[in-house]
Amino acid sequence: MRSDVTLRPLDRNLLTDLLLAAVEDADPLEVMPPVEGPGGWTPERRAAFVRFHESRSLAADPVETTFAISASGRVVGAARLCPVEKRAGTAEAGVWIGRSHRGAGVGGAVLRLLLDRARAAGFASVYVSTTPHNLAVRALMAGIGADLVRDGDALTACVDLRADA
């Protein structure tokens, strides 16, 4: 596992670095909900990215915990844990990594760190959902022994954190 990959709780200063990483190395649709208007990182889309994180993880009553992913000291993506309302003790995991850092072991390190964070926060399981064509997530989940099952147009898995403790 890469030892230079860390998760840092998102704060306002890291949000600036996260936006820069997204603009430099990701498509807006990979990292945030769609925004009306022309494609690319328009000023409106950049502002929406900031508002999205302010409303989700930096709000007075956050709905999820977001972490900036750092590799070799540079922010290269984000990971999140969001409690699942209808599944007590379960958090949904989400990750995006800048394109130039994919395929270099960052994802595997992030997944392990994120599962550790979820366990430390008291979650008993972590839910993951992806698309059938996302081979990277499929490989990561297989790497930790998690079985993905088809759920409509998605593949999902629920990782039991107690089994790894």
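Start by selecting residues 12–25, helix α1: its 14 residues reach 20 Å from first C-alpha to last, close to the 20 Å expected at 1.5 Å a residue (the expected span being 1.5 Å times one less than the number of residues). Helices here are DSSP runs of H or I with at least four residues, strands are E runs of at least two, and both are numbered from the N terminus.

Before you click on, note that this is a predicted model, where local features need pLDDT of at least 70 and side-chain atom pairs count only at pLDDT 80 or more, while totals for chains, interfaces and linings use all residues. Residues are numbered from 1 along each chain as its sequence is written, and side-chain values use heavy atoms, with hydrogens and water left out.

**Around α1**

Now highlight Leu14, Leu15, Leu18, Leu19, Ala21, Ala22 and Asp25, the buried residues of α1. Buried means under 20% relative accessible area, exposed over 50%, and partly exposed in between, using a 1.4 Å probe and protein chains only. These residues cover an arc of only 160° around the axis, so they sit on the same side of α1; the arc is taken from the directions from the helix axis to the C-beta atoms.

What covers the buried residues? Show β1 (5–9), α2 (28–31), α3 (43–56), β2 (65–71), β3 (74–83) and β4 (90–97), which are included in the cover.

Next, zoom in on Asp11, which caps the N-terminal end of α1 with a side-chain oxygen 3.1 Å from the backbone nitrogen of Asn13.

**Over to the strands**

Select β3: seven of its ten residues are buried, so this strand is largely enclosed by the rest of the structure. On one hand, β2 and β3 pair in the antiparallel sense over seven bridges (strands pair if DSSP finds at least two bridges between them). Pick Thr66 and you'll see Arg80 of β3 opposite. The β2–β3 hairpin has two residues between its strands, and Ser72 in the turn has a positive phi of about 55°.

β3 and β4 also pair in the antiparallel sense, over seven bridges, with Leu81 opposite Ala93 in β4. Their hairpin has six residues between the strands, and Gly89 takes a positive phi near 80°.

**Last stop: Arg138**

Jump to helix α5 (residues 135–143), where Arg138 is found. Arg138 is partly exposed, with a relative accessible area of 37%. Leaving out residues up to four places away in sequence, Arg138 touches Thr131, Pro132, Leu148 and Leu155, contact meaning heavy atoms within 4.5 Å.

Conventions: A polar contact is a pair of N or O atoms within 3.5 Å; within protein, one must be able to donate a hydrogen and the other to accept it, and residues adjacent in sequence count only if both atoms are side-chain atoms.
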